[in-house]
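The entries follow the order in which I looked things up.

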Amino acid sequence: MDHTGLLIILSSPSGAGKSTLARRLMDWDDSLRFSVSATTRPPRPGEVDGEHYYFIAPDAFRDMVRADQMLEHAEVFGNLYGSPREPVEKAMREGRDTIFDVDWQGGQQIRASALGGHVVSIFVLPPSLPELERRLRARGQDSDEVIAGRMQKSRAEISHWAEYDYVLINDDLDRTEADLRAILTAERLRRDRRAGLGAFVKKLMEDDA
Ligand SMILES: Nc1ncnc2c1ncn2[C@@H]1O[C@H](COP(=O)(O)OP(=O)(O)OP(=O)(O)O)[C@@H](O)[C@H]1O
Ligand SMILES: Nc1nc2c(ncn2[C@@H]2O[C@H](COP(=O)(O)O)[C@@H](O)[C@H]2O)c(=O)[nH]1
């Protein structure tokens with residue numbers, strides 16, 4: 001292995017399909033790892049601590065931020081969310097690619113982080129706002145009040161679309177998954193080519209010295 005792992009950022013307004021797409025990508029390629037975030041929001045029915053999120057108290061969250069244990073963190077919909085730093089750095093050293101499901105603030109912070117890896121950012125749009133609301137309701141996990149709050153914030157999240165390398169409209173799930181696979185394959189080739197050429201050029205210079 002002569003490369004570091006990719007950092008793959010997925011952002012979207014809540015309910016556009018990031019978690020569903022991330023799960024599908026990991027079923028396609030089991031070498032991908034998901035960055036399990038820490039959050040102060042309460043678990044939804046069926047969510048497992050350490051698998052979907054690390055559910056922690058606000059004080060514990062703030063302690064982690066103070067100890068520089070979060071690669072990025074933000075307040076989203078009135079709760080704190082953050083990506084623990086250590087597992088990401090370990091995956092990068094091991095050459096494993098990491099998927100992040102984070103909002104635009106997290107996306108900006110990961111891009112600006114000093115990790116020095118190859119970052120690929122993807123924004124997922126819903127086909128329409130009524131369809132976004134339909135998906136949030138169909139998921140059946142949030143109250144009307146929570147859904148209204150998320151819909152109200154959706155425009156602010158969408159306004160950051162142009163900061164991303166790729167923008168996909170998640171109308172047909174199979175099609176969006178296929179687009180994501182193509183992006184990942186191409187970005188891995190770019191990363192590998194760069195890493196391979198670096199070694200080649202170094203050797204070329206040494207041979208000539
Ligand atoms: N292309 C699609 N067509 C129809 N339904 C979809 C599509 N993509 C995702 N969904 C459904 O929409 C709902 C929301 O998807 P998901 O939970 O993946 O969104 P999310 O972006 O991760 O949301 P959040 O930001 O709140 O975590 C789920 O019930 C999922 O099955
Ligand atoms: N900046 C971060 N945003 C995160 C992180 N983990 C999740 N999120 C975003 O929060 C909302 C809501 O998520 P939900 O699970 O409560 O529906 C969603 O848009 C996520 O992308 C994180 O670690 N950092």
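Predicted model: local features only at pLDDT ≥ 70, side-chain atom pairs only at ≥ 80, totals over all residues.

**Entry 1: ligand 1, polar contacts.** I found a nitrogen atom of ligand 1 at 3.5 Å from a polar backbone atom of Leu 173. An oxygen atom of ligand 1 lies 3.4 Å from a polar backbone atom of Ala 16. For Arg 150, I recorded 3.1 Å between an N or O atom of its side chain and an oxygen atom of ligand 1. The protein covers 79% of the 640 Å² of accessible area that ligand 1 has on its own.

**Entry 2: ligand 1, surroundings.** I listed 14 residues around ligand 1, and the closest are Ser 14, Lys 18, Ser 19, Thr 20 and Arg 139. Which helix gives the most to this shell? I found that α1 does, with three residues. Helices α1 (18-28) and α5 (129-139) each supply at least two residues. By class, I recorded two nonpolar, seven polar and five charged residues in the shell. Ligand 1 sits in the largest pocket.

**Entry 3: ligand 2, polar contacts.** I then turned to ligand 2. A polar side-chain atom of Tyr 53 lies 2.5 Å from an oxygen atom of ligand 2. For a polar side-chain atom of Arg 44, I noted 2.7 Å to an oxygen atom of the ligand. The side chain of Ser 83 has an N or O atom 3.5 Å from an oxygen atom of ligand 2. Of the 510 Å² of accessible area that ligand 2 has on its own, the protein covers 95%.

Entry 4: The space taken by ligand 2 is the largest pocket. Strands β5 and β6 (79-84) are the elements that give two or more residues to the shell around ligand 2. I counted 17 residues around ligand 2, of which Ser 37, Arg 41, Tyr 53, Tyr 81 and Arg 150 come nearest. The shell divides into six nonpolar, four polar and seven charged residues.

**Entry 5: the sheet.** I traced an open sheet of four strands in the order β4-β3-β6-β5, with mixed pairing. Strands β4 (54-55) and β5 (70-76) stand at the edges, each with a single partner strand, so one side of each has no neighbour in the sheet. In which sense do β3 and β4 pair, parallel or antiparallel? Strand β3 (residues 38-39) pairs with β4 in the parallel sense, over two bridges. I noted that Thr 39 stands opposite Phe 55 in β4.

Key
Residues numbered from 1 in each chain as written. Chains lettered and ligands numbered in written order. Heavy atoms only, no water. Near = heavy atom within 4 Å. Polar contact = N/O pair within 3.5 Å; in protein donor to acceptor, adjacent residues only side chain to side chain. Areas by Shrake-Rupley, 256 points an atom, 1.4 Å probe, with all protein chains shown as cover. 1 Å grid on protein atoms, 1.4 Å probe; cavity = no way out; pocket = protein on both sides within 12 Å on 5 of 7 lines; lining within 4 Å. Sits in = over half its atoms within 2 Å of the grid points. Nonpolar A, V, L, I, M, F, W, Y, C, P; charged D, E, K, R; others polar. Pairing = 2+ DSSP bridges.
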